[in-house]
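Grab a pencil and open your viewer.

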Amino acid sequence: MPATEEIEQRVDANRLRLAESLSSLSGTVAPQSVTEQLSAAANGYGGELGRQAITAAKRNPAALVLAGAGLALLFTGTGSSSRPRTAAKPAAAVPPKPLLPVLTRVSPRQMPPLNRR
């Protein structure tokens with residue numbers, strides 16, 4: 001078998017392996033696959049967290065009621081506040097102060113005399 005035919009066969013075999021590798025890689029990196037993996041992980045962690053919360057609520061229901069009431073007050077904003085609620089006043093339009101002094105034109109007559117010794 002001539003050397004060129006052998007090289008061509010090896011190149012074809014390498015192309016087939018590369019195509020198989022790329023197709024399997026694209027299957028694992030596809031958005032649908034990544035989404036499924038993330039949702040499975042979230043369900044696993046979320047399910048465990050939910051089970052722990054239910055177990056804690058069964059052990060101490062008063063804590064659950066207090067936590068629920070606190071969250072309700074937080075979200076509705078009906079809790080007591082140290083300052084009265086008033087409508088926000090619009091900010092007054094004040095021009096910003098310049099960062100550098102503004103240079104103006106000065107005539108030679110207005111300039112102070114130079115101290116020459």
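The exercises below go from the overall fold to helix packing and then to charged pairs.

This is a predicted model, where local features need pLDDT of at least 70, side-chain atom pairs count only at pLDDT 80 or more, and totals for chains, interfaces and linings use all residues. Numbering starts from 1 along each chain as its sequence is written, and side-chain values use heavy atoms, with hydrogens and water left out.

**Exercise 1. List the secondary structure elements, and work out what share of the chain is buried.**

Step 1: Count the elements. There are three helices and zero strands (DSSP runs numbered from the N terminus: helices are H or I with at least four residues, strands are E with at least two).

Step 2: From the N terminus, you read α-α-α.

Step 3: Check burial. Of the 117 residues in the chain, 2% are buried (buried is under 20% relative accessible area, exposed over 50%, partly exposed in between, with a 1.4 Å probe and protein chains only).

**Exercise 2. Describe how helix H1 and helix H2 cross.**

Step 1: Get the geometry. The axes of H1 (residues 3-29) and H2 (residues 31-59) come within 5 Å and cross at roughly 50°. Axes here are lines fitted to C-alpha atoms, for helices over the stretch in contact, and angles run from 0 to 180 degrees between N-to-C directions.

Step 2: Classify the angle. H1 and H2 are therefore oblique to each other (under 35 degrees is roughly parallel, over 145 roughly antiparallel, 65 to 115 roughly perpendicular, the rest oblique).

Step 3: Find who touches. H1 brings Gly27, Thr28 and Val29, while H2 brings Pro31, Ser33 and Val34 (contact means heavy atoms within 4.5 Å).

**Exercise 3. Track down the salt bridges and say how their partners are spaced.**

Step 1: Count them. The structure holds two salt bridges (a side-chain nitrogen of Lys or Arg within 4 Å of a carboxyl oxygen of Asp or Glu).

Step 2: Take Glu6 and Arg10, which pair at 3.5 Å, N to O. They sit four residues apart in helix H1, so about one helical turn separates Glu6 from Arg10. Glu6 is partly exposed, at 38% relative accessibility.

Step 3: Move to Asp12 and Arg15, whose closest N and O atoms are 3.6 Å apart. Again in helix H1, Asp12 and Arg15 are three residues apart, so about one helical turn lies between them. Asp12 is partly exposed at 42%, whereas Arg15 is exposed at 55%.
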